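User: I'd like to talk through the packing in this model. Can you take me through it?

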Amino acid sequence: MFRSRAKEEKVPTAKVTADLSKQPRDPQAPKGRPTPKRSEAQTQRRRASTTPVDRKAATKRQREARRADLARQREALASGDERYLPVRDKGPVRRFVRDFVDSRFCIAEWFLPLAVVILILSVIQVQNIQSVVLLLWMGVITLIVIDSIGISIRLKKQLRERFPDTPKRGAVAYGLMRTLQMRRLRLPKPQVKRGERP
């Protein structure tokens with residue numbers, strides 16, 4: 001009654017060999033082999049995952065594949081090829097947002113050059129110039145905020161009209177981030193001219 005069952009139930013377990021070429025087994029049918037112990041299954045899994053065929057060759061292949069992908073993405077960013085663009089730039093919604101922003105003159109794209117000029121002027125220690133610099137900072141920031149609000153309102157309206165059933169999450173923020181970049185430095189490269197409506 002209180003005997004140990006371990007000795008009685010020890011059955012020699014055969015190695016687990018699954019023939020994958022056969023048809024899948026019906027879940028109700030018997031397996032035809034004993035279930036392996038947990039420790040045996042874990043060691044087999046570890047052996048399968050930790051024994052690389054040729055680690056150096058695999059690493060080299062991965063590095064070359066990564067380089068090829070990056071080169072393809074760079075070419076796509078320059079040419080606008082949708083197939084190889086990064087995920088954040090793919091899709092008709094993102095393309096429309098890019099074209100919408102690129103077809104307009106945005107004050108925000110001149111922020112960096114204006115900021116450099118204002119910083120150079122702020123170094124000059126003359127009271128009148130310091131007050132002019134402060135007014136310039138406030139004016140530039142105010143104009144950028146007003147322009148960004150106008151662009152986001154118009155962009156939301158256009159997106160609702162053109163893509164009523166497509167998810168548009170993050171599209172407006174994507175467009176506003178694009179306005180902060182100078183036109184010739186934008187990636188993917190602009191595909192429309194200024195004034196040309198998408």
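**Cores and surface**

Analyst: In the largest nonpolar core, which has 13 residues, F96, V97, L155 and L159 touch the most other members. A nonpolar core here is a set of buried Ala, Val, Leu, Ile, Met, Phe, Trp, Tyr and Cys residues joined through side-chain atoms within 4.5 Å, and buried means under 20% relative accessible area, exposed over 50% and partly exposed in between, with a 1.4 Å probe and protein chains only. This is a predicted model, in which local features need pLDDT of at least 70 and side-chain atom pairs count only at pLDDT 80 or more, while totals for chains, interfaces and linings use all residues. Residues are numbered from 1 along each chain as its sequence is written, and side-chain values use heavy atoms, leaving out hydrogens and water.

User: Why is helix 4 described as largely enclosed?

Analyst: Nine of its eleven residues are buried, so helix 4 is largely enclosed by the rest of the structure; its buried residues pack against helix 6 and helix 7.

User: New topic: is I141 buried or partly exposed?

Analyst: I141, which lies in helix 6, counts as partly exposed because its relative accessibility is 43%.

How values were computed
Helices (H or I, at least four residues) and strands (E, at least two) are DSSP runs, numbered from the N terminus. Contact means heavy atoms within 4.5 Å.
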